[in-house]
Amino acid sequence: MSEIRFWYAAGACSLAPHVLLHEINAEFEGVEAQITAERARFPDGFEVINPKMSVPVISVDGQVFTEVPAIATVIAGMAPERFLMGRDALETARVYEWMVWLSTSLHGIGFGGIWRPQRYSDDPAASAGIVKKGRQTVVDCFATIERRIIGPFAIGEAFSAADAYLYVFYRWGNGIGMDMDQVYPKFAALGRTLASRPSVVKALAVEKVDPHGHGPS
């Protein structure tokens, strides 16, 4: 049995792989970091584990992996019979298409602009414009998500890692006051379905966050 340690922050993007670990009933040690828009507090020695100073991070038998798509791949490989990264090559490509876009456009540019405008300019006077652009990016991305959901889950009939990641942004959308039910009904329906999934319920209980709330970026 592999020795697994998982570093996360409550309500952050690390919720997605946290859900996946519970989805496969993995035995792991969770290590929480304290991260808000204003500050970040990591466990002692974390800079050695991940010099990028961000979560999520997973260590499997001493091998360290970072970034949500990579960590999801590692977790999926522990339980290939669950097909978390898709049932064939085309579905796998579709899962990665979702996850890379969510990581870069929606998370990095959209929510990153809203919550951490200082990432994009050292000029405090630029912050308001960055926040406004970030919110517009979220609106545009959510519209794309609404169009692209083709079934009960992101790639059709089966739960995948893409759904765990989408759930993060469903929570964050509610958190910034997006009208999820009226404007994005398919996305909201997916979020509500996932909120009652056993693996999601377990991860939320550990992180002590609301199923429909929001968290730091």
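Visitor: Not counting residues up to four places away in sequence, which residues does Arg197 touch?

Guide: This is a predicted model. Arg197 sits in the loop between α8 (185-195) and α9 (198-207). Leaving out residues up to four places away in sequence, the residues that Arg197 touches are Glu23, Phe153 and Phe159.

Visitor: Is Arg197 buried, partly exposed or exposed?

Guide: Buried means under 20% relative accessible area, and exposed means over 50%. The relative accessibility of Arg197 is 22%, so this residue counts as partly exposed.

Visitor: What distance separates the C-alpha atoms of Arg197 and Val19?

Guide: Along the chain, Arg197 and Val19 are 178 residues apart. Between their C-alpha atoms the separation is 9.5 Å.

Visitor: How are the axes of helix α1 and helix α3 oriented, roughly parallel or roughly antiparallel?

Guide: The axes of α1 (residues 15-23) and α3 (residues 68-78) come within 9 Å and cross at roughly 5 degrees. Angles under 35 degrees count as roughly parallel. The crossing therefore makes α1 and α3 roughly parallel.

Visitor: Leaving aside neighbours within four places in sequence, which residues is Phe187 in contact with?

Guide: Phe187 is one of the residues that touch the most other members of the largest nonpolar core. With neighbours within four places in sequence left aside, its contacts are Phe142, Ile145, Glu146, Ile149, Leu166, Phe169, Tyr170 and Met180.

Visitor: How many helices and strands are there in the protein?

Guide: From the N terminus on, the elements run β-α-β-β-α-β-β-α-α-α-α-α-α-α. The count is nine helices and five strands.

Visitor: What is the radius of gyration of the protein?

Guide: For 217 residues the globule rule gives 17 Å, and the protein comes close to that, so it is as compact as a globular protein of that length. Buried residues make up 51% of the 217 residues. The radius of gyration is 17 Å.

Technical notes
Residues numbered from 1 in each chain as written. Predicted model: local features only at pLDDT ≥ 70, side-chain atom pairs only at ≥ 80, totals over all residues. Heavy atoms only, no water. Axes fitted to C-alpha atoms, helices over the stretch in contact; angles between N-to-C directions. Helix = DSSP H or I, 4+ residues; strand = E, 2+ residues; numbered from the N terminus. Parallel < 35°, antiparallel > 145°, perpendicular 65-115°, else oblique. Core = buried A, V, L, I, M, F, W, Y, C linked by side-chain atoms within 4.5 Å. Buried < 20%, exposed > 50% of the residue type's maximum accessible area, 1.4 Å probe, protein only. Contact = heavy atoms within 4.5 Å. Rg over C-alpha atoms; globule rule 2.2 N^0.38 Å.
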